[in-house]
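Please keep the sequence and the structure in view while reading.

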Amino acid sequence: MRDLAAALRGLTTRGRSFLAAGGACAVSAIVLGEQDLLRVALLLMLLPVSAALFVSRTRYRLACTRRIEPPRVTAGQAAQVRVRLDNMSRLPSSVLLVEDNLPDGLAAPARFVVDRIEPGGTRDLSYEIRAGLRGRYQLGPMSIRLADPFGFCELTRAFRSRDDLVVTPAIEQLPGARSLPQAAASVLRRSALKGDDEATTRPYRSGDDLRRVHWRTTAKTGELMVRREDTPRLGGATLLLDDHLGSWGHHVGPASPFEWAVSAVGSIGTHLARSGYGVRLVTHRGLAAAVPARNPGPLLDELAVITQVTEADPRPAYAAVAGGDGGMLVMVLGRTSPEVARRLGAMRPRNAPAIAVLVDLGRWGAEPRASADLAGCELALSRAGWRVLISGLGSRIADDWPRLSGPAARFARVPAPGAVASSPTGHPDAAPPLGAAEAPGLGLPR
């Protein structure tokens with residue numbers, strides 16, 4: 001009865017018209033006393049009711065399998081969705097109208113008319129989707145519309161399976177690993193031998209130089225061990241993204257400065273991960289993602305769904321940066337005051353490169369205050385030993401990155417009378433790290 005009621009609610013315009021015409025004929029037959037007209041009325045009403053009964057009694061056993069190739073794409077790229085329908089019943093199906101439910105933001109509807117499927121038969125369907133905005137999109141469920149041969153009734157039934165498509169921010173291919181900042185090379189060589197001795201040794205083989213014997217491990221294992229010749233493992237890198245809502249103005253959409261910053265972080269993070277760095281992503285929420293070397297996928301997955309926050313408390317971010325291994329530190333900041341820049345400059349690691357990408361909001365419109373602070377922020381961070389890049393709309397991070405790969409610029413500035421030449425951290429003009437009571441937010445002016 002429940003299926004019949006659902007089928008009656010699924011009567012098409014034709015079926016409802018037949019019911020209305022049959023009702024009108026029945027009233028006219030009663031008023032005029034015409035028995036033949038009453039028979040016509042019963043026939044008109046019986047046709048759509050019979051069609052609804054037929055559709056409600058339909059029992060097809062169909063299986064649906066969906067495959068997305070690839071399951072992760074960058075914004076603007078296309079993905080192919082392949083659907084397979086299997087008729088697992090002993091009866092052939094009727095003509096089916098198949099529709100895959102797609103969320104907003106994915107181009108093109110996915111509707112198909114499928115001819116009858118023989119018992120045990122299959123039908124393969126495919127369509128292309130393209131998303132212009134990063135995010136995680138859920139595809140499904142697949143719905144099938146059943147109809148009677150005369151078009152009086154349609155009944156929709158849906159599968160339960162859903163699949164996710166991850167659309168990551170658009171990334172750029174940065175120069176290869178050889179263009180990494182030169183200061184990183186010595187740090188990585190020093191950090192490559194950290195860890196257990198067993199991780200950097202191997203059993204002795206005939207012909208090995210005896211000067212490469214690792215005597216400590218040899219004494220521990222009872223077997224002659226030598227140092228590995230393999231390329232040493234690179235160190236870690238921390239990416240700090242200012243995701244505070246107040247740091248990016250009122251611009252929204254795929255061309256907003258925050259989206260540009262997310263793409264820049266994705267490009268830099270992917271480049272570092274493929275170059276052998278273990279990458280950590282830090283935001284106002286704290287540690288957002290930690291991915292091993294050579295595998296930037298989880299980092300891109302996190303950037304695909306990252307949103308801006310309204311809280312300006314930077315303490316979780318500072319704690320996450322301090323909890324790193326002291327490797328490379330890269331910051332991507334929005335609107336920032338020179339006071340905040342001096343405090344951020346104090347976070348520079350002692351023996352690893354520090355890079356700051358300042359996004360010029362003036363390129364997206366009138367941001368006089370933000371543009372006026374850029375020079376002060378650049379000076380404060382440069383004096384603290386950071387490599388600073390001012391970029392934004394109209395610039396490609398792939399073109400600007402090589403400028404950060406050369407020798408570090410030296411800022412030999414004479415301090416003003418009465419000025420403090422260096423901070424407790426050893427960096428010129430760098431303020432001590434913020435305490436809990438003075439934290440104003442990563443990219444917010446005080």
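Helix α2 (residues 13-32) and helix α3 (residues 35-56) have axes that come within 8 Å and cross at roughly 160 degrees. Here the axes are lines fitted to C-alpha atoms, for helices over the stretch in contact, and angles run from 0 to 180 degrees between N-to-C directions. Helices (H or I, at least four residues) and strands (E, at least two) are DSSP runs, numbered from the N terminus. The crossing angle makes α2 roughly antiparallel to α3, because angles over 145 degrees count as roughly antiparallel, those under 35 as roughly parallel, those from 65 to 115 as roughly perpendicular and the rest as oblique. The crossing of α2 past α3 is left-handed, a term used if the near helix is turned anticlockwise from the far one by less than a right angle, with right-handed used if clockwise.

Contact means heavy atoms within 4.5 Å. On the α2 side, the residues making this contact include Phe18, Leu19, Gly22 and Cys25, and on the α3 side they include Leu38, Ala41, Leu44 and Pro48. By class, the contact of α2 with α3 holds 14 nonpolar, 4 polar and no charged residues. In this classification Ala, Val, Leu, Ile, Met, Phe, Trp, Tyr, Cys and Pro are nonpolar, Asp, Glu, Lys and Arg are charged, and the others, Gly among them, are polar.

The model is a predicted one, in which local features need pLDDT of at least 70 and side-chain atom pairs count only at pLDDT 80 or more, while totals for chains, interfaces and linings use all residues. Residues are numbered from 1 along each chain as its sequence is written, and side-chain values use heavy atoms, with hydrogens and water left out.

The protein chain as a whole contains 11 helices and 18 strands. Of its 446 residues, 46% count as buried; buried means under 20% relative accessible area, exposed means over 50%, and partly exposed lies in between (1.4 Å probe, protein chains only). Among contacts between residues at least 6 apart in sequence, 71% join residues at least 24 apart.

Helix α6 (residues 257-274) and helix α7 (residues 297-305) pack at an angle of about 175 degrees, with their axes 10 Å apart. That angle makes α6 roughly antiparallel to α7. Val262, Val265, Gly266, Gly269 and Thr270 of α6 meet Leu299, Leu300 and Leu303 of α7 in this contact. These residues divide into 5 nonpolar, 3 polar and no charged.

In soluble globular proteins, nonpolar side chains tend to be buried together. A nonpolar core is a set of buried Ala, Val, Leu, Ile, Met, Phe, Trp, Tyr and Cys residues joined through side-chain atoms within 4.5 Å. The largest such core has 36 residues, of which Val98, Tyr127, Ile129, Leu139 and Leu165 touch the most other members. Strand β3 (residues 78-87) supplies the largest share of this core, 4 residues. A second, separate core of 35 residues includes Val265, Ala289, Val357 and Ile397.

Leu85 is found in strand β3 and counts as buried because its relative accessibility is 0%. Leaving aside residues up to four places away in sequence, Leu85 touches residues including Ala63, Val98, Ile117, Leu125 and Phe159. Its C-alpha atom is 9.1 Å from that of Arg66, 19 residues away along the chain.

Which residue of the chain lies 7.1 Å from Trp401, C-alpha to C-alpha? It is Leu174, 227 residues apart from Trp401 in sequence. Trp401 is found in the segment after α11 (397-400) and is buried, with a relative accessible area of 0%.

The backbone also deserves attention. Most residues other than glycine have a negative phi, and most peptide bonds are trans. The bond from Glu69 to Pro70 is cis, with omega near -10 degrees, and Pro70 is found in the loop between β1 (62-69) and β2 (72-74). The bond from Gly140 to Pro141 is also cis, with omega near 5 degrees; Pro141 is in the loop between β7 (135-139) and β8 (142-147). Arg294 has a positive phi, near 70 degrees, and its place is in the loop between β15 (286-291) and α7. At 58% relative accessibility, Arg294 counts as exposed.
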